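Biologist: I am new to this structure and would like to learn how to read it feature by feature. Could you walk me through it slowly?

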Amino acid sequence: MIEIRRFSIVLFLFLVLVSCRSELNDPIIVANLEQEFGLSLEQVLGSDHTVRFKLSTLDLADCLNYSIQAELNRRDPELEIDILEIQAPKDCEAGLAPARGAVQADELTLDEYLLRLSLKDVANTQGELRIFPDHYLLSLEQNSSVIPLHEEVRRVPANSCWGFVSWNDPTGFAIAQAFLAEFQSTFQPLTAPNGYYSYFEITSGNVEVFNPSPPADAEQSRYFLVDMKPGALAELNAIVQQYRQNATTTHFNIEILTSTGERI
């Protein structure tokens with residue numbers, strides 16, 4: 001009888017230990033979806049028929065890396081986005097930020113799609129996505145739990161590239177000025193209509209780049225959007241690498257993204 005009791009106790013402790021380890025390894029699920037979400041549209045670079053729907057909570061979470069689990073179900077002409085869960089990270093990056101997630105829709109060949117957004121057993125939002133040669137229009141019904149962050153998203157101009165140069169001190173500033181002088185003499189600035197382009201925005205002719213973005217500790221940055229001749233990628237790479245070799249990352253940074261998706 002004593003041996004049986006000992007075995008039972010050992011088995012109980014083993015099961016408790018396994019259960020605790022499992023709970024430590026599993027992501028924390030935030031079941032409450034009763035909050036507002038933002039929805040934005042992003043053109044997938046290098047494809048004329050693919051877009052990414054980006055989701056974010058309007059309320060801030062207590063870590064920088066909360067995620068939204070979602071899935072896309074497609075029955076042309078309807079696209080249904082189901083928001084399933086908000087997950088807390090295993091390793092919290094300290095700070096306040098919205099939870100984020102994304103789903104991708106490929107091979108969009110129609111001019112108009114119906115949108116349905118479902119929050120797991122909570123609410124449904126109706127809307128539509130209209131596709132034009134030079135822009136997208138995203139609309140959702142008013143007073144819903146999902147809000148479009150940008151209703152019009154312009155297509156990225158073909159044969160273009162954009163990015164930033166940033167610096168932290170006079171040494172970095174001198175290198176940045178030399179780079180910009182050579183870069184802008186080789187690649188002409190691109191003039192495009194005002195609007196939101198997923199990766200950058202043009203307002204009154206001035207460009208602000210969101211992706212790529214300067215490092216958080218950069219003291220000053222200069223954005224650019226230029227016309228890149230077909231076949232000029234090798235020349236662009238050579239110029240960037242030359243200046244990167246002349247400075248450490250503490251002084252000077254360059255990052256560039258092209259309309260075909262190359263990150264330099």
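**Reading the model**

Modeller: Helices (H or I, at least four residues) and strands (E, at least two) are DSSP runs, numbered from the N terminus. This is a predicted model, in which local features need pLDDT of at least 70 and side-chain atom pairs count only at pLDDT 80 or more, while totals for chains, interfaces and linings use all residues. Residues are numbered from 1 along each chain as its sequence is written, and side-chain values use heavy atoms, with hydrogens and water left out.

Biologist: Is Leu58 buried, partly exposed or exposed?

Modeller: Buried means under 20% relative accessible area, exposed means over 50%, and partly exposed lies in between, with a 1.4 Å probe and protein chains only. Leu58 has 39% relative accessibility, so this residue counts as partly exposed.

Biologist: Which residues form a nonpolar patch on the surface?

Modeller: Patches are made of residues with over 30% relative accessible area and no salt bridge, where like charges are joined within 9 Å and nonpolar side chains (Val, Leu, Ile, Met, Phe, Trp, Tyr) within 5 Å. Accessible areas come from the Shrake-Rupley method with a 1.4 Å probe, and for residues only the protein chains shown count as cover. In this model Leu58, Ile147 and Leu149 form such a patch, and together they have about 220 Å² of accessible area.

Biologist: How many salt bridges does the structure hold?

Modeller: A salt bridge is a side-chain nitrogen of Lys or Arg within 4 Å of a carboxyl oxygen of Asp or Glu, and the structure holds eight of them. One joins the side chains of Glu42 and Lys54, at 3.2 Å from N to O. Because Glu42 lies in strand E2 and Lys54 in strand E3, this pair ties together parts that are twelve residues apart in sequence. Glu42 is buried at 8% relative accessibility, whereas Lys54, with a relative accessible area of 35%, is partly exposed. The side chains of Glu152 and Arg154 also meet in a salt bridge, at 3.8 Å from N to O; here Glu152 is partly exposed at 35% and Arg154 is buried at 13%. A network of salt bridges links Arg75, Glu78, Glu80 and Arg116.

Biologist: What does Gln43 touch, not counting residues up to four places away in sequence?

Modeller: Contact means heavy atoms within 4.5 Å. By that rule Gln43, which is found in strand E2 (residues 37-43), touches Thr50, Tyr136, Arg154, Arg155, Val156, Ser198 and Tyr199, with residues up to four places away in sequence not counted. Gln43 is buried, with a relative accessible area of 6%, and a polar atom of its side chain lies 2.8 Å from the backbone nitrogen of Val156.

Biologist: What is the order of the open sheet of three strands?

Modeller: Two strands pair if DSSP finds at least two bridges between them. In this sheet the order is E15-E16-E17, with antiparallel pairing. Strand E15 (195-196) and E17 stand at the edges with a single partner strand each, so one side of each is left without a neighbour in the sheet. Strand E16 (residues 200-203) pairs with E17 over four bridges, and Thr203 stands opposite Asn206 in E17.

Biologist: Where is Ser213 found?

Modeller: Ser213 is in the loop between strand E17 (206-209) and strand E18 (220-227), and at 44% relative accessibility this residue counts as partly exposed.

Note on methods:
A polar contact is a pair of N or O atoms within 3.5 Å; within protein, one must be able to donate a hydrogen and the other to accept it, and residues adjacent in sequence count only if both atoms are side-chain atoms.
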